[in-house]
Amino acid sequence: MGGNENIIEGLVGPEGGRLDKALADASGLSRERVKALMSEGRVTLEGKPASQASLKVVPGTAFVIAVPAPAPAEAVAQDIPLKVVFEDEYLIVVDKPAGLVVHPAAGNLDGTLVNALLHHCQGQLSGIGGVARPGIVHRIDKDTSGLLVVAKTDRAHEGLATQFADHSITRAYNAVVAGLPVPLAGTVTGAIARSAVNRKKMALVEDGRGKHAVTHYRTLERLRGAALVECRLKTGRTHQVRVHMSSIGHALLGDPVYGRTPSTIRPILQRLGFSRQALHAVELGFIHPVKGGMVHFVSPLPDDMRTLIDELRQ
């Protein structure tokens, strides 16, 4: 136990009973918090580590709980390389590499795009998203690469948010999917909400329960056991392309959540070390929220996706 901690010590109350409940009653912490601290080795009884939440304790047992100092809610600036596509005093458009988380959250408190932007923009980012998400108007998944616009002022943030809300933003993705879509072009419509079975997944649900979502797709190139498709978003829901393409039987290659890569293609991904969903935000267009006028950006496919496509052409 280190020095930067809040030490809570005392005696188990007259009720005794289960350790987690007894400590929660005596300390004011929640039972879940107590159990988490026990699993980290931060709880002792009579000077000895305690890790069994269901242990029965007697009244008057001495305990010590070392509560670590909370991690700062405010993101900190970090010198992380950025590929800047466009920048002015109001906003910045970046080409995010796969593997970079957009903003700090549990499990990723730093090393994110926000940390990089705070360094690059010297702290000049919109405050509407809060201290952990300054400037963030929209997101793309950690393992999706491509274009993202970030607001540097509140005025820009509000203007961009309005365009995202009314679905007037131009957004297109390139994806490598399993199999060949039939028809080669079409529209997938289906409400999306968090899965009732797996809270880490999104799922198609009946209308009225989730958020309305529309994806227009067209096949750009037939590949061996796969296809390169363009997906244009009418709406922007969490995991929309991944959920919609999977729903029509053409999950993205490498997607660990929404599809199983065909056995014929799996060795190719392993040989290339390709371990992400094959998805790239290739196009982004919107009306400049302060200056007016349409701005439009296109990002070339990253090397890993180009290599994958080349392999599937042979």
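# Briefing: strands, pockets and a cavity

Thr 215 has Leu 233, in β15, as its bridge partner. The model is predicted, so that local features require pLDDT of at least 70 and side-chain atom pairs count only at pLDDT 80 or more, while totals for chains, interfaces and linings use all residues. Residues are numbered from 1 along each chain as its sequence is written, and side-chain values use heavy atoms, with hydrogens and water left out. Helices (H or I, at least four residues) and strands (E, at least two) are DSSP runs numbered from the N terminus.

**Strands around β15**

- Strand β14 (residues 214-223) pairs with β15 in the antiparallel sense over eight bridges; two strands pair if DSSP finds at least two bridges between them.
- A hairpin is formed by β14 and β15 with two residues between them, and Gly 225 in the turn has a positive phi of about 75°.
- β10 and β15 also run antiparallel, joined by seven bridges; Ala 172 has Arg 232, in β15, as its bridge partner.
- Strand β15 (residues 226-233) is mostly covered, with seven of its eight residues buried; buried means under 20% relative accessible area, exposed over 50% and partly exposed in between (1.4 Å probe, protein chains only).

**The open sheet and its helices**

- An open sheet of four strands has the order β1-β6-β3-β4, with antiparallel pairing.
- Its edge strands, each pairing on one side only, are β1 (5-11) and β4 (48-49).
- Seven bridges link β1 to strand β6 (residues 62-68) in the antiparallel sense, and Ile 7 stands opposite Ala 66 in β6.
- Helix α1 (residues 19-27) packs on this sheet, touching β1, β3 (43-45) and β6, and its direction makes about 75° with that of β6.
- Helix α2 (residues 31-39) also packs on the sheet, where it touches β3 and β6; the direction of α2 makes about 90° with that of β6.
- For these angles, axes are lines fitted to C-alpha atoms, for helices over the stretch in contact, and angles run from 0 to 180 degrees between N-to-C directions. Contact means heavy atoms within 4.5 Å.

**Pockets**

- The largest pocket holds about 1200 Å³ of space; a volume is the space filled by probe spheres set on the points, which are joined across faces, edges and corners.
- The lining of the largest pocket comprises 36 residues, of which Arg 139, Ile 140, Asp 141, Thr 238 and His 239 lie nearest its centre. The elements giving two or more residues to this lining are α4 (154-165), β10 (170-178), β12 (191-194) and α5 (240-247).
- By class, the lining of the largest pocket divides into 16 nonpolar, ten polar and ten charged residues. Ala, Val, Leu, Ile, Met, Phe, Trp, Tyr, Cys and Pro count as nonpolar, Asp, Glu, Lys and Arg as charged, and the others, Gly among them, as polar.
- Within α5, six of the eight residues are buried, namely Gln 240, Val 241, Arg 242, Val 243, His 244 and Met 245. Just after α5, Gly 249 takes a positive phi of about 85°.
- The second largest pocket has a volume of about 220 Å³, and its lining residues include Arg 139, Thr 238, His 239 and Arg 242. The lining of this pocket has two nonpolar, three polar and five charged residues.

**The cavity**

- One cavity of 30 Å³ or more is present in the structure, and the largest cavity has a volume of about 40 Å³.
- Its lining consists of Gln 163, Phe 164, His 167, Ile 169, Arg 171, Leu 233, Lys 234 and Thr 235, of which three are nonpolar, three polar and two charged.
- Gln 163 lies in helix α4 and counts as buried because its relative accessibility is 8%. Leaving aside neighbours within four places in sequence, Gln 163 is in contact with Ser 168, Ile 169, Phe 286, Ile 287 and Pro 289.
- His 167 lies in the loop between α4 and β10 and is partly exposed, with a relative accessible area of 28%.

**Backbone geometry in loops**

- His 167 has phi near 60°, a positive value in a residue other than glycine.
- Glu 46, in the loop between β3 and β4, has a positive phi near 50° and is exposed, with a relative accessible area of 55%.
- The peptide bond from Val 182 to Pro 183 is cis, with omega near 5°; Pro 183 is found in the loop between β10 and β11 (185-189).

Methods: 1 Å grid on protein atoms, 1.4 Å probe; cavity = no way out; pocket = protein on both sides within 12 Å on 5 of 7 lines; lining within 4 Å.
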